[in-house]
Amino acid sequence: MTALSYGMQNHPCLSCGACCAFFRVSFHWSETLSDSHGVPENLTLPLNPYVNAMMGTETTKPVCIALKGVVGQSAHCEIYLNRPQCCRSFSASFEDGTKNDRCDEARVGKGLLKLGPNDWPYKHP
């Protein structure tokens, strides 16, 4: 079971957004192609001939250009369906029943508490 199974309105990430305002979001340039993830190229910048980054995440205080809302209150990805693979594969702590140290790092870095198993409305076996 995934967080999407019980509906996005209850997903802890929608009141967070810390990872989008803490890490650089970099990925292979081909993810901007329509037959890949279709990441809007106009929201990216090239880091080298092979790697693009989401604008705003290349700075010392990153905030992804696609992040909308307020970190820790109400946040969402404006390009959720076309987000890069690194975002697709990033899971919140205990979303799948396991701890994610990177999620914890981003949340603490933004003054938020770490997520725990009780932050999810379903229980893992």
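Modeller: A disulfide is a pair of cysteine sulfur atoms within 2.5 Å. This is a predicted model, where local features need pLDDT of at least 70 and side-chain atom pairs count only at pLDDT 80 or more, while totals for chains, interfaces and linings use all residues. Residues are numbered from 1 along each chain as its sequence is written, and side-chain values use heavy atoms, with hydrogens and water left out.

The disulfide count is zero. Cysteine 13 is in none; the nearest cysteine sulfur belongs to cysteine 19, 6.2 Å away. Cysteine 13 is partly exposed at 33% relative accessibility (buried means under 20% relative accessible area, exposed over 50%, partly exposed in between, with a 1.4 Å probe and protein chains only). Cysteine 16 is in no disulfide either; its nearest cysteine sulfur, that of cysteine 103, lies 6.1 Å away. Cysteine 16 is buried, at 7%.

Now the salt bridges (a side-chain nitrogen of Lys or Arg within 4 Å of a carboxyl oxygen of Asp or Glu). The whole structure has four. Lysine 99 is partly exposed at 47%. Aspartate 101 is exposed at 52%. Another pairs aspartate 104 with lysine 99, at 3.2 Å from N to O. Aspartate 104 is buried, with 4% relative accessibility. Shared partners join Lys99, Asp101 and Asp104 into one network of salt bridges.
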